[in-house]
Amino acid sequence: MERELLIKYLQGDATNGEKAEVVAWLDADQANMKEYHALQKLYLYTLWHESPKDGVENKPVRRISIKRFSIEFLKVAAVFAIAIFAYHQLELKNEKEEAVVMQTLFVPAGQRAQLTLADGTSVWLNANTTLTFPNRFDGKKREVLLAGEGYFDVVHDSIRPFFVKTTRYDVKVWGTEFNVMAYADRGFFETALLAGSVEVMNSGKDKGEMLEPNQRLYTKGQQVVKAPITHFKHFLWREGIISFEDESFVDMVLKLELYFDVTIEVKNQEILKYQCTGKFRTKDGVEHILKVLQLSNQFSFKIDHQLNKITIN
């Protein structure tokens, strides 16, 4: 395998055909995988240790975009985790000298990602989600910026609280497990607490609403509602499963549009009265989900791939 192609693959610039060629080569022989990992480590060291240019006062921002793929997903997620770990181990030696560098991870439609932050906090990101975070946490608090949906397992720190900041609300935690949905273009926000405690507050405020385990806080129009979690299977999205449990057809459509970045037009208003239940693998795609739902709901649909639009009749 030509090294230039492997580097192109690592940079995310390979075509679909080249990606398939690399994946086939990796699966063919364990020795190929070892060679790839050796090159990968060298590439990651260079990528994550570039110094800011002299004379630049603003903190640099690095953006990593995980492009559409199938079996490459686990490899890319592993690459990202290794990069964070390697960088964190080396920066401990020069923590005082190195500037805090902001990094951005974007997960496209139909995909998900997992990463470990510098403090050991685990984060899962759903489709169409962007997370901005520092290479290390400096100061009296730990902050990340979320646009989309993320599940957090935060490492406890009695001195430095952890903040998930969104466009409308901030979530303050010390060490806990919770899920946040904050897709700004949908005008919807929800925090669901699985363990520990969190405080949800308006951005810029010092006090907010406390949640207990198995509670969620969400917006409904202009109102903010606190209620018990009733649909725990929703969090299966971390495993690549979309779950609907007696969900309205309207809400189901909104989620499919969000997760698969597609426009869905429902022309038959009677269909909107349907309730949907089922579990689906994200990798099977939106067309498969609609075909399965057709078995228990009377409707037809047509896909316009050029317009990226689905019409339901």
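1. A charge counts as sitting over a ring if NZ of Lys or CZ of Arg is within 6 Å of the ring centre and within 35 degrees of the ring normal. By that rule Arg-238 lies over the face of Trp-124, at 5.2 Å from the ring centre. The charged end of Arg-238 also sits over the ring of Tyr-151, 3.8 Å from its centre.

2. The model is predicted: local features need pLDDT of at least 70 and side-chain atom pairs pLDDT 80 or more, while totals for chains, interfaces and linings use all residues. Residues are numbered from 1 along each chain as its sequence is written, and side-chain values use heavy atoms, with hydrogens and water left out.

3. Trp-124 and Tyr-151 belong to one aromatic cluster with Phe-232 and Phe-235. Rings of Phe, Tyr and Trp (its six-membered ring) pair if their centres lie within 6.5 Å; planes under 30 degrees apart are stacked, over 60 edge-to-face, and the rest tilted. The count comes to 10 aromatic pairs. Tyr-169 and Phe-189 form a tilted one, 4.8 Å centre to centre with 40° between the planes.

4. Tyr-169 counts as buried at 8% relative accessibility, and Phe-189 is buried at 1%. Buried means under 20% relative accessible area, exposed over 50%, partly exposed in between (1.4 Å probe, protein chains only).

5. Helix H5 (249-260) is largely enclosed by the rest of the structure, because nine of its 12 residues are buried. Among them are Phe-249, Met-252 and Lys-255. Helices (H or I, at least four residues) and strands (E, at least two) are DSSP runs, numbered from the N terminus. Just after H5, Asp-261 takes a positive phi of about 50°.
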